[in-house]
Every structure is written in C-alpha cells, then in structure tokens.
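Please open the structure in your viewer and keep the selection tool at hand.

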Amino acid sequence: MASTWSDSRVLSATVASTAETEVGSVNVPSNQTWLINGLFGAHAQGGTFRIAIDSIPGMNGVRIQNSVDGNTLSAGGNGSSEIYPANFVVQGPATVTMFTSNLAAGSATATAMINYQVTQS
C-alpha cells in the first residue's frame, strides 16, 4: 500500500561569488516519487537560482531570486517573496540540486527551499 505526504527541505550555503554555486542537494530514495510543487531562493546580493534534477537533464530550471532575506517569506522592502509554483515529477533514485548565481560577490547565506509531495511505495 502506498502512502502520501507533503514535506519541504531548506538548503543553505555561504556564497561570496557571482559564479553559479551549489547551495545543496537532496536525494530522492528509490521507493519514492516526489511532486516538486514549490521553490524559493534568496541571497543578500540578489540574482537567480536554479533547480537541477539528474533524471531531467534537459531542464533549464532558472528563476529570479525571491528575496534578499532567506529567513522569511515576507521580508519588508525585499520585493516579492512568494514561493514559485512548480510541477516536476521526480521518480527515485534521483538527486535534486539547487544553485545560486548572484549579482554581486558579497558573502552571505544563500537559501533555497523545495516543497514537495511524496508518494512512497
């Protein structure tokens, strides 16, 4: 019998570069299917973030960062902090990796959040 639930992961890394930098990754176990339904990315320097899924190699996955404050979804004065809706089905085993590309090279914590629904067999 399969079970289903919703979950999320927050990944973070200190980034002081404008070059694309990995924020972190999560593994989808072989007995799970994830429906990734929301993405959020932030860094004090602004820029873009990207999701990469090894089982979907042709995916672009780039979005504008949601905020300059990764500690809150509604930081005042930081623009739109709404979570981006997504619709990626990922069958495990797979690796989901988040990256950031910042507008300036100031050192700060890059944050990425992945919301997903899990179906486990």
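Begin by selecting R50 and E20, which form a salt bridge with their closest N and O atoms 2.8 Å apart. The term salt bridge denotes a side-chain nitrogen of Lys or Arg within 4 Å of a carboxyl oxygen of Asp or Glu. Side chains of opposite charge can pair when their charged atoms come close. The two partners lie 30 residues apart and link distant parts of the chain: R50 belongs to strand β4, whereas E20 sits in the loop between β1 (3-15) and β2. The structure holds 1 salt bridge.

The model is predicted: local features need pLDDT of at least 70, side-chain atom pairs count only at pLDDT 80 or more, and totals for chains, interfaces and linings use all residues. Residues are numbered from 1 along each chain as its sequence is written, and side-chain values use heavy atoms, with hydrogens and water left out.

Keep E20 selected. Is E20 buried, partly exposed or exposed? E20 has a relative accessible area of 41% and is therefore partly exposed (buried means under 20%, exposed over 50%, and partly exposed in between, with a 1.4 Å probe and protein chains only).

Next, select strand β4 (residues 47-53) together with strand β7 (residues 94-102); they run antiparallel and are joined by 7 bridges. Strands here are DSSP runs (E, at least two residues), numbered from the N terminus, and two of them pair if DSSP finds at least two bridges between them. Within this pair, I51 stands opposite M98 in β7.

Now extend the selection to the open sheet of 4 strands, whose order is β2-β7-β4-β5 with antiparallel pairing. Its edge strands, β2 (21-28) and β5 (62-64), each pair on one side only. Neighbouring strands of this sheet are turned by 20° against each other on average, direction ignored; the axes are lines fitted to C-alpha atoms, and angles run from 0 to 180 degrees between N-to-C directions.

Move on to another open sheet of 4 strands, ordered β1-β8-β3-β6 and also paired antiparallel. Here the edge strands are β1 and β6 (84-91), each pairing on one side only. The twist averages 25° from one strand to the next. Select β3 (residues 32-42) and β8 (residues 108-120) to find 10 bridges between antiparallel strands; there, Q32 stands opposite Q120 in β8.

Finally, colour the chain by pLDDT, the predictor's confidence in each residue, from 0 to 100. The mean is 91, and 93% of the residues reach 70 or more. Among the elements, β5 has the lowest mean pLDDT (94) and β2 the highest (98).
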